[in-house]
Amino acid sequence: MSIDEIIQKENFSKEDIIKILSVRKSSELDKIKKAAQKKLFENCGAKVYYRGLIEFSNTCIRDCNYCGIRKSNNSVKRFFLDKENVIDAAKWCADQGYGSIVLQSGERQDSSFIDYIEEVVCQIKKITTSDTLPRGLGITLCVGQQTKEVYERFYAAGAHRYLLRIEASNKELFSSIHPPDQNFSERVDNLCMLKDVGFQVGTGVMIGLPGQTVEHLAEDILFFKEHDIDMIGMGPFIVHSKTPMSVYEEDNKKGSEAIFQQSLLMIAASRIVLGDVNIAATTALQALKDDGREQGLDFGANVIMPQLTPVEVRKDYLLYENKPCVDENKEQCRYCLERRILSLGREIGVNAWGDSQHHKNRLKNSVSADNA
Ligand code: 5AD
């Protein structure tokens, strides 16, 4: 079957997805990009939604083989932002018309960490509720695996979206990049738990992992579908020199152009196959190409996460090296991004949560099933 025929389909087999992900000819790439844009506009509209990203702590109990802030990396200066600092950044965000924020950190499960998040979420909701934002800022958490009770507390405090990447939906590949205490099925159970609690659930994978094939990537997209995922964040794997995966540094550098192209195709294929999900154009794309995030938006992404982390600590939150914009303050980030998005002919969703259309459809479908 030709690419023209595949992109017209409603349901996609693994083979169809592999074909989309394997395209290299520029005329075919262009067709895929157009098909992804069409699917995006039909399902979600032309708006790009901002989530101000606040990385509030780089302390982590996990030791992921790929991550620069893994607990064994002794060269990282650990930080934990004061509540006031985080709340001020959130307030700034609301004042600029960004409808949502993401609070991200390394993983911890102790009670002072959990209490801190609960309180910060409550406070942010309280001070950002206004006539322009009647439900306050939309809050997404990305703070690792927790118990169901903790997820419930976070949800009750007012967070309504949660990001927990599966990193690789193939069990063996997952095990090859994580230490034995991180269990694939447990991670999948956590995604189900988050959905049960009521969160809009986001997940995603890294692209360009050693041993990863195009079959794995096609399975990743089918995993998102099978688990009814609302939001997707994916990006290129970029080697950090202070991790066990630094042995792949040379290959990773040599392959970076191919990994970048594969990442754009993953965004487009996810959009074409899944239709109504939110997809983020992630910072890691920009680490490989100055206009990487804009290209991500052009290939079907509709969410972008401007950096709000205070410049003083940004250099300590390096999950990978070459992270862009570590010196730019939040105002500079804002103007730079605005210009870039408008130049793509897209609009910016101001003072709106920009929830995943998939989540809305998911709720609608469950109500009509109940009434049937
Ligand atoms: N390269 C690319 N992405 C990375 N992440 C962590 N380390 C790296 C890396 N070296 C991603 C993981 C994690 C997210 C917060 O950052 O996918 O879930």
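**Fold, cores and selected residues of a predicted chain**

Asn-322 is found in the loop between α14 (311-314) and α15 (330-343); helices (H or I, at least four residues) and strands (E, at least two) are DSSP runs, numbered from the N terminus. The structure is a predicted model, in which local features need pLDDT of at least 70 and side-chain atom pairs count only at pLDDT 80 or more, while totals for chains, interfaces and linings use all residues. Residues are numbered from 1 along each chain as its sequence is written, and side-chain values use heavy atoms, with hydrogens and water left out.

Asn-322 is exposed, because its relative accessible area is 60%; the cut-offs are under 20% for buried, over 50% for exposed and in between for partly exposed, with a 1.4 Å probe and protein chains only. The phi angle of Asn-322 is positive, at about 70 degrees, although the residue is not a glycine. A positive phi, near 50 degrees, is also found in Asn-351, a residue other than glycine. Asn-351 is placed in the loop between β10 (347-349) and α16 (357-371), and it counts as partly exposed because its relative accessibility is 29%.

The chain as a whole contains 16 helices and 10 strands. The C-alpha trace spans about 55 × 50 × 45 Å along its principal axes. Of the 372 residues, 58% count as buried. The accessible surface amounts to about 15500 Å², and carbon and sulfur atoms account for 50% of it; the areas come from the Shrake-Rupley method with a 1.4 Å probe, and for residues only the protein chains shown count as cover. Contact is defined as heavy atoms within 4.5 Å. Among contacts between residues at least 6 apart in sequence, 75% join residues at least 24 apart.

The chain carries 48 positive and 53 negative charges, and the mean positions of the two sets are 2 Å apart. Lys and Arg count as positive and Asp and Glu as negative, without His and the chain ends. Each charge is placed at NZ of Lys, CZ of Arg, CG of Asp or CD of Glu.

A nonpolar core is a set of buried Ala, Val, Leu, Ile, Met, Phe, Trp, Tyr and Cys residues joined through side-chain atoms within 4.5 Å. The largest nonpolar core holds 103 residues, of which Leu-103, Ile-124 and Leu-141 touch the most other members. Helix α11 (residues 256-274) gives the most to this core, with 10 residues. Beyond its neighbours within four places in sequence, Ile-124 is in contact with Val-86, Ile-87, Ala-90, Ile-101, Leu-103, Leu-137 and Ile-139. Another core, of six residues, lies apart from the largest one and includes Leu-53, Cys-142, Val-303 and Met-305.

Ala-281 belongs to strand β8 (residues 278-281) and is buried, because its relative accessible area is 1%. With neighbours within four places in sequence left aside, Ala-281 is in contact with Arg-293, Gly-296, Leu-297, Ala-301, Val-303 and Ile-304. Ala-281 and Val-48 are 233 residues apart along the chain, and their C-alpha atoms are separated by 10.0 Å.

Two lysines were examined in helices. Lys-148 is found in helix α6 (residues 148-157) and is partly exposed, since its relative accessible area is 31%. The C-alpha to C-alpha distance between Lys-148 and Val-197 is 7.7 Å, at 49 residues apart in sequence. Lys-253, in helix α10 (residues 249-254), is exposed because its relative accessible area is 56%. Lys-253 lies 14 residues from Val-239 in sequence and 8.2 Å from it in space, C-alpha to C-alpha.

Thr-213 occupies the loop between β6 (206-207) and α9 (214-226). The relative accessible area of Thr-213 is 33%, which means that the residue is partly exposed. A distance of 10.0 Å separates the C-alpha atoms of Thr-213 and Leu-173, which are 40 residues apart along the chain.
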